[in-house]
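Keep the viewer open as you read.

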Amino acid sequence: MEQGLLNNLVESLCCLPGVGRKSAQRMAFHLLERDRSGGLHLAEALDKAMQGIGECHLCRTFSEKTICNRCSDPARDQSILCIVEMPSDIVALSTVDYKGLFFVLKGRLSPIDGIGPHEIGLDILEQRLAEGQVREIILATNATIEGQATAHYIAEMGKKLGIDVMKIAQGVPLGGELEYIDSNTLSHAFKSRVRY
Amino acid sequence: MQRVSLQPGYVIHQRDFKDSSRIIECYTQDYGRVALVAKGVRSSKKGFQYLLQPFLPLKLSWAGRGELPTLTHVEMNAASSPHLQGKALFCGFYLNELIVRLTHRHDASPELYQCYLEALSTLDQPDQEEPTLRRFEVQMLDILGYGLQLEVDGNGEPIDPHQQYYYHVETGPMTTPIPGIQHIPTSGETLLALSAGLPLANEKQQQESRRLMRSVLQFHLGGKPLQSRRVYQQLFKS
Ligand SMILES: [Zn+2]
């Protein structure tokens, strides 16, 4: 692997997650041998996406416009805001029947790593909540300790502003058999039991 | 090849490693702080990854050579665990950062482990954050060999509860400040309370001991400030 261009291509492909030198080489050879038009198309799409995609000023998810399609959709309920950690969480929640808006933290509070409220946009969120349009927030951060810490802090913020604070339920998964469920999840499910 | 089975311990920090694994920093009873690779935990849906969370009492098994053995098994060490919330939770992160920053890997101290356990369980009680942190800081520095001088002053005289002292890590408490050195003004009463692990009676004692411990810790930590303290202040002091 001495040629400059080929070497450069292989090394660039290594920036993809899960791609080491071997598979990068395979991809490069595949494009060069069999699919040059596909390669050019990929190059163009990558270039356009990297230049053209920013983040929505309201929900912080990826968007080509300053306000994304979801946030500017009049059919969505502007008074409910669901708070998630990552843009990919919105995709995961897109199958759920939910007509409100989202806010993406792009992370979670992680004090030891120095990730505080500013780093995950909580100042922006607080401003948004203070504007008064949002009446309810739904916390959908991950069920990790850091996710819970983040949720707790946002809940306090919401309550101070007189906003209804909800959190997605935690418990027995559909199809789950009790004896195979870990004790923490079980005790959570038990504590948050609901009227039948 | 080292093989350790069902060692009591806690996860204190973790970070992603390669594509699907994590490096788990643990604090254990008999092996001190160890870093373990949890292979494949980010991609597989099965297994023990849900247990790899801070503040859960765990039993950990690992095997391997060198600096980074592989985590092979995890289970809960107790049926229930302290459920830290709000301020107490962020104090817990602070304890974890102190352990990461001040202990060396493989420097085992069952005594410090016990103090950590006690600190977690008192944090779980209402309004115990400040006294718990101060007690843990004093105990930890003591166990690690950086103990504070709290019973006699710099001249070897016993601490007088009614006297005002000026504390510096290298001189201990002095009755008069030495020019050119930054001292933390602290009452004899506060020094004695810290020494005895007594609850800090009032706001003045709490404030004095907070300042004192902050300056002593800063000295031992070198220039780099504690991240979790900065985050705590952003969250709760605004
Ligand atoms: Zn948007």
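A residue counts as buried under 20% relative accessible area, as exposed over 50%, and as partly exposed in between. Leu161(A) has a relative accessible area of 36%, so this residue falls in the partly exposed class. Bear in mind as we go that the model is predicted. You will find Leu161(A) in the loop between α6 and β6 (164–167) of chain A. Leaving aside residues up to four places away in sequence, Leu161(A) touches Glu126(A), Leu129(A) and Ala130(A). Leu139(A), by comparison, is 22 residues from Leu161(A) in sequence and 16 Å away in space, C-alpha to C-alpha.

Another loop of chain A, the one between β1 (54–55) and β2 (62–63), holds Arg60(A). The side chain of Arg60(A) does have a polar atom 2.7 Å from the backbone oxygen of Leu105(A). Beyond four places in sequence, the residues that Arg60(A) touches include Phe103(A), Lys106(A), Glu119(A) and Ile124(A).

Now turn to chain B. Its secondary structure comprises 6 helices and 8 strands, running β-β-β-β-β-α-α-α-β-β-β-α-α-α from the N terminus. The C-alpha trace of chain B spans about 60 × 35 × 30 Å along its principal axes, and 48% of its 238 residues count as buried. Among contacts in chain B with a separation of 6 or more, 55% are between residues 24 or more positions apart.

In one, Glu25(B) pairs with Arg105(B), with the closest N and O atoms 2.9 Å apart. Glu25(B) sits in strand β2 (residues 21–28) and Arg105(B) in the loop between α1 (86–102) and α2 (110–123) of chain B, so the pair ties together parts 80 residues apart in sequence. Glu25(B) is buried at 5% relative accessible area, whereas Arg105(B) is partly exposed at 30%.

Two further pairs lie within helices. Arg134(B) and Glu137(B) meet at 2.7 Å, N to O, and both belong to helix α3 (residues 129–143) of chain B, 3 residues or about one turn apart. Arg134(B) is buried at 6% relative accessibility, and Glu137(B) is buried at 2%. In helix α5 (residues 203–221) of chain B, Glu208(B) and Lys204(B) are 4 residues apart, and their side chains form a salt bridge at 3.6 Å, N to O. Here Glu208(B) is buried at 10% and Lys204(B) partly exposed at 48%. Shared partners also link Glu25(B), Arg33(B), Glu67(B) and Arg105(B) into one network of salt bridges.

Finally, look at where the chains meet. Chain A and chain B each bring 23 residues to the contact. Together they bury about 2000 Å², 65% of it on carbon and sulfur atoms. Of the area that chain A buries there, Pro111(A), Ile112(A) and Ile145(A) supply 34%, more than any other three residues. How many salt bridges are there between chain A and chain B? The count is 1: Arg230(B) with Glu119(A), their closest N and O atoms 3.8 Å apart.

Note on methods: Residues numbered from 1 in each chain as written. Chains lettered and ligands numbered in written order. Predicted model: local features only at pLDDT ≥ 70, side-chain atom pairs only at ≥ 80, totals over all residues. Heavy atoms only, no water. Contact = heavy atoms within 4.5 Å. Buried area = accessible area lost by both parts, 1.4 Å probe. Salt bridge = Lys/Arg side-chain N within 4 Å of Asp/Glu carboxyl O. Helix = DSSP H or I, 4+ residues; strand = E, 2+ residues; numbered from the N terminus. Polar contact = N/O pair within 3.5 Å; in protein donor to acceptor, adjacent residues only side chain to side chain. Buried < 20%, exposed > 50% of the residue type's maximum accessible area, 1.4 Å probe, protein only.
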